[in-house]
Amino acid sequence: MVTNLAFNNSISEEPCLYREDVYDINKLDNRHEFKGIIGRCSRIYEVFRTVQKVADSDSTIIINGETGTGKGLIAKAIHQSSYRKGKPFVQINCGAIPENLLESELFGHVKGAFTGATTSRPGKFEVAEGGTIFLDEIGDMSPELQVKLLRVLEEREFERVGGSNTINVDVRVIAATHRNLEKEVKKGNFREDLFYRLYVIPITIPSLRERKSDISLLVSHFMKCFSKNKNKDVAEISDDAMAIMMGYSWPGNVRELKNLVERLVVLKGQGKIISCDLPEKIKGEAVCGKMPGMEISKEGVCFNTAVSEFEKSLIFQSLEKTKWVKNEAAKLLHLKRTTLVEKIKRYDLQNHST
Ligand SMILES: Nc1ncnc2c1ncn2[C@@H]1O[C@H](COP(=O)(O)OP(=O)(O)OP(=O)(O)O)[C@@H](O)[C@H]1O
Ligand SMILES: [Mg+2]
């Protein structure tokens with residue numbers, strides 16, 4: 001029975017490995033980009049900061065976030081920021097490989113271990129020697145394999161399937177899941193001991209709904225990228241089209257937005273994207289008058305957080321529309337300037353485009 005699954009978010013820093021220069025967040029402010037990851041909202045900056053702090057620590061990391069939020073990108077960024085960056089980064093999707101094959105994919109097998117094993121083969125852990133292994137969708141792993149993984153995490157050793165030689169590896173483990181592992185533990189689907197072993201450093205990537213202020217930045221970024229890659233010339237989007245995109249709930253997160261922008265750029269070819277160009281699904285949500293982030297999932301929503309996020313999104317939009325002239329932004333929202341300023345402070349909203 002799990003009694004207390006509160007995560008320990010504190011990170012033990014190793015002074016000898018801590019590099020003040022790479023921890024300078026102001027360097028990120030200028031580009032809104034960190035190792036290919038685009039973002040400017042405070043929660044994404046917090047993720048960037050954590051990545052830089054923990055990169056060299058060798059501690060096990062678990063990345064949590066909805067599908068398409070960028071868990072894979074963050075895992076790569078951790079590897080690239082660490083002293084292991086010259087060594088392999090090996091990725092395996094534990095949910096996509098049939099259960100009976102996953103063990104040999106991870107740990108390798110010896111010749112004759114099973115039908116079809118005509119030669120010995122190293123697994124991903126051996127291939128990743130000296131580097132990082134990224135275990136994606138770890139919540140989908142079977143209980144039998146969870147035991148074996150626990151041993152690797154604790155002892156850094158294992159045997160190939162069918163083999164008796166113990167193999168030692170020096171590999172950093174990063175895992176990711178879209179599931180709530182705490183709940184999976186309570187349901188008995190995920191081992192409690194493995195859960196605690198994995199949750200050394202948890203990193204949670206917020207959904208796009210929770211960071212609306214990143215939407216316009218991501219749209220511009222992808223418009224530029226796809227215009228260049230596809231030899232098109234679409235560099236602008238109208239205010240009303242952007243407003244519709246800001247109001248959409250993005251269940252597929254950044255992946256969904258990226259794919260949509262690709263489609264819009266390819267179909268439009270040149271000029272400005274306008275609201276008519278947007279798919280009905282996205283316009284439909286806006287027409288229904290749903291507020292951003294107001295989709296209530298089976299688990300429910302935290303009312304106070306949802307209201308704050310909506311307030312923050314409105315304030316951010318008004319500031320962006322008025323190029324951060326607070327008097328004008330306050331007028332757009334029918335607020336007193338002092339009230340607006342107080343809210344900007346409270347939500348720590350910053351103008352990163354200056
Ligand atoms: N902040 C971001 N900046 C730029 N591109 C991003 C960002 N977040 C995600 N992407 C892009 O969106 C797509 C999905 O990202 P990624 O595969 O890392 O998500 P994920 O959380 O691992 O998704 P899944 O749970 O489905 O595996 C990729 O093409 C990635 O490059
Ligand atoms: Mg992924």
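Before reading any handedness I wrote down the rule: a crossing is right-handed if the near helix is turned clockwise from the far one by less than a right angle, and left-handed if the turn is anticlockwise. I also noted that this is a predicted model.

Entry 1, α9 and α10. I looked up α9 with helix α10 (residues 239-247) and found that their axes come within 10 Å and cross at roughly 120 degrees. An angle of 65 to 115 degrees would count as roughly perpendicular and one over 145 as roughly antiparallel, so I put α9 and α10 down as oblique to each other. By the rule above, the crossing of α9 and α10 is right-handed. I then listed who meets whom: I215, S216 and V219 from α9, against M242, M245 and M246 from α10. Sorted by class, this contact of α9 with α10 has five nonpolar residues, one polar and no charged.

Next I took helix α9 (residues 215-229) with α11, which pack at an angle of about 45 degrees with their axes 9 Å apart. The two are therefore oblique to each other, and α9 passes α11 in a right-handed crossing. On the α9 side I found L218, V219, F222, M223, F226 and S227, and these meet V254, L257, K258, V261, E262 and V265 of α11. I counted nine nonpolar, one polar and two charged residues in the contact of α9 with α11.

I moved to helix α2 (residues 42-54) and helix α3 (residues 71-81), where the packing angle is about 40 degrees and the axes are 9 Å apart. α2 and α3 are therefore oblique to each other. α2 passes α3 in a right-handed crossing. I noted V47, V51 and Q52 of α2 and I74, A77, I78 and S81 of α3 as the residues that make the contact. Five of the residues in this contact are nonpolar, two are polar and none is charged.

Which residues come nearest to ligand 1? Of the 15 around it, I found these to be I38, G70, K71, G72 and V254. β2 (37-38), α3 and α11 (253-268) are the elements that give two or more residues to the shell. I sorted the shell around ligand 1 into four nonpolar, eight polar and three charged residues.

Technical notes: Residues numbered from 1 in each chain as written. Chains lettered and ligands numbered in written order. Predicted model: local features only at pLDDT ≥ 70, side-chain atom pairs only at ≥ 80, totals over all residues. Axes fitted to C-alpha atoms, helices over the stretch in contact; angles between N-to-C directions. Helix = DSSP H or I, 4+ residues; strand = E, 2+ residues; numbered from the N terminus. Parallel < 35°, antiparallel > 145°, perpendicular 65-115°, else oblique. Contact = placed C-beta atoms within 7 Å. Nonpolar A, V, L, I, M, F, W, Y, C, P; charged D, E, K, R; others polar. Near = placed C-beta within 6 Å.
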